Amino acid sequence: MSAAKRKGPAFEGQVVSYLREHGFPQAERRVMGGSRDRGDVAGVPGWVLELKATRALDLAEALREAEVEARHAGVSRYAAVLKRRMHPVGESYAVLPLHLFAELIREHR
């Protein structure tokens, strides 16, 4: 497997480890689901996470994938987690639509 192909699974493992260490002990890599994919990470209740470790960040496409996968999983919340080059995993970008962000803020006031 090429170095470029190894980056995705390596990033997935790093994100899962980070989530486990930060309050989500059930987080784990999800087996790819083909056309009915339900995201890259399981164990974050109510959420679908689409992970990307690509050189070029395509926010719109990553969020579109996450939204489709959330429908497959039967949940309403989704985010794309994008690797930030030359930074630790905790500095990755978590991107979600404004309506979901507003919902989260309302719930935590």
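**Reading Glu69 and the cores**

Reader: Which residues does Glu69 touch beyond its sequence neighbours?

Author: Contact means heavy atoms within 4.5 Å. Leaving aside neighbours within four places in sequence, Glu69 is in contact with Asp37, Arg38, Gly39, Val48 and Glu50. Bear in mind that this is a predicted model, where local features need pLDDT of at least 70, side-chain atom pairs count only at pLDDT 80 or more, and totals for chains, interfaces and linings use all residues. Residues are numbered from 1 along each chain as its sequence is written, and side-chain values use heavy atoms, with hydrogens and water left out.

Reader: Is Glu69 buried or exposed, and what is its nearest side chain of opposite charge?

Author: Buried means under 20% relative accessible area, exposed over 50%, partly exposed in between (1.4 Å probe, protein chains only). A salt bridge puts a side-chain nitrogen of Lys or Arg within 4 Å of a carboxyl oxygen of Asp or Glu. Glu69 is buried but has no salt bridge: Lys52, the nearest side chain of opposite charge, is 6.7 Å away. The Glu69 side chain does reach the backbone nitrogen of Gly39, at 3.4 Å.

Reader: How many residues are in the largest nonpolar core?

Author: A nonpolar core is a set of buried Ala, Val, Leu, Ile, Met, Phe, Trp, Tyr and Cys residues joined through side-chain atoms within 4.5 Å. The largest here has 13 residues, and Val15, Leu19 and Val44 are among those with the most contacts inside it. Val44, leaving aside neighbours within four places in sequence, is in contact with Leu19, Phe24 and Leu49. Another core, of 10 residues, lies apart from it and includes Ala62 and Tyr78.

Methods: Lys and Arg count as positive and Asp and Glu as negative; His and the chain ends are not counted. A polar contact is a pair of N or O atoms within 3.5 Å; within protein, one must be able to donate a hydrogen and the other to accept it, and residues adjacent in sequence count only if both atoms are side-chain atoms.
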